[in-house]
Amino acid sequence: MTARLRLYRKAEQELYKLDRSVKSDFYNFCHHFRDNPELPGLRKKQLKGDSRIWSARVSKDYRALLTPTGVDADGIESWLLIAVRHRKDVYEELQVAVNRVTGEIEFVDLSVVGQSALRRAGITLTPAEPEPETKPQAVEPVPEPVPAAPALLSAYDAGQLRELGVAEQLIELALTATTSEELDQLVEGAPLLSKDVLYGLAAGMNIDDVRREITAPVELDERPDLDDFAAALSRTKVTTVDDDVRDAIEEGDFRAWKVFLHPTQERLVHRHYKGPARVSGGPGTGKTIVALHRVKHLVEQLPPGHSKPILLTTFTKNLTTDLRLRLASLIEPELLARVDIAHIDQLAARVLGENTAPGRGKQRVYDHVALNEMRQLLAELDDRRFEPEFLLEEWEQVILGQAVATRSDYFNARRAGRGRALTRPERNHVWKLIEQFTARLDKLGVETWGQAAERAARHEIERAAKIRARREYKEDIGGKDLIHRDNSSGMRYLGYRYRHIVVDEAQDLRPAHWKMLRAMADPDLPNDLFIAGDTHQRIYDHQVALGALGINIRGRASRLTLSYRTTKEILAEALRVVEPKENSGKITYDDLDDGTDNLAGYRSVLHGPKPGFVPYETWEDELGGLAATLTTWRAELSTDENGASLDPSGRIAVCVADRDMVSQTMYYLETKAGITCAELTKEGPKGDGEIHVGTMHRFKGLEYQRLAIVGASDGIIPRTSAIERYRTEDPPRYEREQRKARSLLFVAATRARDALNISWHDKPSPFLPTGGAGGAPGPAAVYGAPARERELGS
């Protein structure tokens, strides 16, 4: 008699944590069980609490928990292994069930729930293998009754939790939890949907948002049969036990063996969209993972061929390099060859190269070069009516952003979000200055990347117009004489560049970029644009409204709220930067489509040490403290838990406000502390130093195990000297600059995976959470803490 054995997803993650000796015993058990599940040495027996759960002996101290799932089509008995537990942690009250929302098999383990919560719910756990008593047990005194604290989820009832998909065995416990610590213990052993729902409600999401963003994406169209385990197994993520799985687990790299997709993310990846779709979410919620898996899904649906009908693009070069490496780990080389991976400026340059005669191209310069030219122009004209920064932004965001070609068009141009209003005479004056400025750039033979994007968009829009004209002509004549017309007009084989476009870090693209992308994909085909981004992380002032640019995402927008990177402790402080409690609606973030966005319900299932907030008297003192912190971190990350040597290079980073501070920090660390550094640039780390050092802009899309933000002082974050003049002259712009600076600090803080240290000299930045100043422990005290612990299922 043989059996087929499959692993429940949570069991996979638990196996990764077991000692090598237990893993070896486990695979011996699997071999024997598959050969003969009735082998006497396995000591297979049913639990009393749930007859569908069986316990079997893995070793002297460990037990496998299994549930039968029926007989396969080939007549082989099928079992699902749901957990491997120390015998002391196996209780009769363990239960397995089919979730009424997802239809998947769920294993509920109450052994991890705190005793106080179990006592309130009237639950007593009975060991399946009780230890023999060697002496009479002392009777524990009954504790004095403590006044009951209010329940965290007192606003909800059992029926609501049941409809949202919380496992039946957890509902009463969830409703009696009074502290976040109790809730953490409860969800540690909870199925994923239960965990997401309970954390979402506890984080402040209202019940309608939880239903829409958490439950609905994983809900079956019809209610499942709760007694049909065979059907439930077909919906449940499982892995067949074989030698490949064994090798992966024993090599200690099981988490890297597969890229984890949460069920909510998986539904977004595989959904069929009838038009452009957008996914938003805070840092670490998996937007990039979703985008990469979306590319994988789309490329696997392509018919055979050698073309590149899929574009994967983002804002910067170093992020594009990272996307290429990560996608290469997901799909085969022949499929990777069918994806065009290019950053957005590279794409614009490619379009211009196709449409510019040899030798007629212009050198492209970054905005700081253009700003210097604008300053020089105003100085030569002795014109102090407008600031050069204001004029450059007006040109970039209004004139280029809306492709304004004439002065009369500029008089009617939309200026939403630009701050101070301009009278007609003022617009006339601005237009004249912009004309002189662009003539100056043209004479120098240069153009900005904003100009390049706008020109590329015009070329693509013209190309799309030709494609539509060709289609209309074909429909009019029924295809007759089409080849002759194509040959005579140079339009042969003309078609849209891409069938599918996937955009990551969408919040930082310019309006011209969006117009170019819209024209590159056929709007009449489904799944044309898939957009991932978070406006709370916008670090450039490129305001867009996708609907106004021909990209309609209404009804196809989704939000991710569960962070897999940033710990609860770091997240709590980072959220207070972008959405402080004292805000009262003053700071708002758009949703890329004329609405507002927020991080309500944004939460983490990870734990780690609390962030350190460390004050210093001077910049020199702060750099000395940084060196001490980095020395401690390097020592802690140089060995693993078994004492084996590890290379800490590239796992620690230092983030500062500007380039001057990068140079000062690197000089101090290398010359006075003997710590080698690598500067983060547009192309990635420059050099092979252990510690990466860069400005906040350079940390976009990156993550580090431990991160120090230094120089977070008042006047530096934000740079008061640059924006203070707007406080009275242009309050809307002042708020916009403040919001942009907050987003920069938010992005920087959420790059930390396990530990975060923020320091300042003199006065702290007003953006730092109140209470951070004064009395904070020194670096060594803050960061001697152990690395975070991942909760199962995260």
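1. Burial and helix H29. A residue is called buried when its relative accessible area is under 20%, exposed when that area is over 50%, and partly exposed in between. The model discussed here is predicted. In helix H29, 14 of the 19 residues are buried, so the helix is largely enclosed by the rest of the structure.

2. Length of helix H29. Helix H29 covers residues 731–749. At 1.5 Å a residue its 19 residues should span 27 Å, and the end C-alpha atoms are 27 Å apart, which agrees with that expectation.

3. The chain as a whole. The secondary structure comprises 30 helices and 29 strands. Of the 794 residues in the chain, 54% are buried. Among contacts between residues at least 6 apart in sequence, 76% join residues at least 24 apart. The chain exposes about 35900 Å², and carbon and sulfur atoms supply 49% of that area.

4. Thr-215. This residue belongs to helix H8, which covers residues 207–215. Is Thr-215 buried or exposed? Its relative accessibility is 1%, under the 20% limit, so Thr-215 counts as buried. A polar atom of the Thr-215 side chain lies 2.8 Å from the backbone oxygen of Leu-164. Leaving aside neighbours within four places in sequence, the residues in contact with Thr-215 are Val-101, Glu-163, Leu-164, Leu-193, Val-197 and Val-210.

5. Side chains of opposite charge can pair when their charged atoms come close. The structure holds 40 salt bridges. One of them joins Arg-211 to Asp-208, with the closest N and O atoms 3.4 Å apart. Both residues lie in helix H8, three residues apart, about one turn of the helix. Arg-211 is partly exposed, with a relative accessible area of 36%, and Asp-208 is also partly exposed, at 49%.

6. A salt bridge between distant parts of the chain. Which residue does Asp-442 meet in a salt bridge? The partner is Lys-362, at an N to O distance of 2.4 Å. The pair links distant parts of the chain, 80 residues apart. Asp-442 lies in helix H20 (residues 424–444), whereas Lys-362 is in the loop between helix H16 (344–354) and strand S12 (363–365). Asp-442 has a relative accessibility of 44% and counts as partly exposed; Lys-362, at 30%, counts as partly exposed too.

7. Arg-458 and Glu-454 meet through their side chains in a salt bridge of 3.0 Å, N to O. Both lie in helix H21 (residues 449–477), four residues apart, about one turn of the helix. Arg-458 is partly exposed, with a relative accessible area of 41%. Glu-454, by contrast, is buried, because its relative accessible area of 10% falls under the 20% limit.

How values were computed:
Residues numbered from 1 in each chain as written. Predicted model: local features only at pLDDT ≥ 70, side-chain atom pairs only at ≥ 80, totals over all residues. Heavy atoms only, no water. Helix = DSSP H or I, 4+ residues; strand = E, 2+ residues; numbered from the N terminus. Expected span 1.5 Å × (residues − 1). Buried < 20%, exposed > 50% of the residue type's maximum accessible area, 1.4 Å probe, protein only. Polar contact = N/O pair within 3.5 Å; in protein donor to acceptor, adjacent residues only side chain to side chain. Contact = heavy atoms within 4.5 Å. Salt bridge = Lys/Arg side-chain N within 4 Å of Asp/Glu carboxyl O. Areas by Shrake-Rupley, 256 points an atom, 1.4 Å probe, with all protein chains shown as cover.
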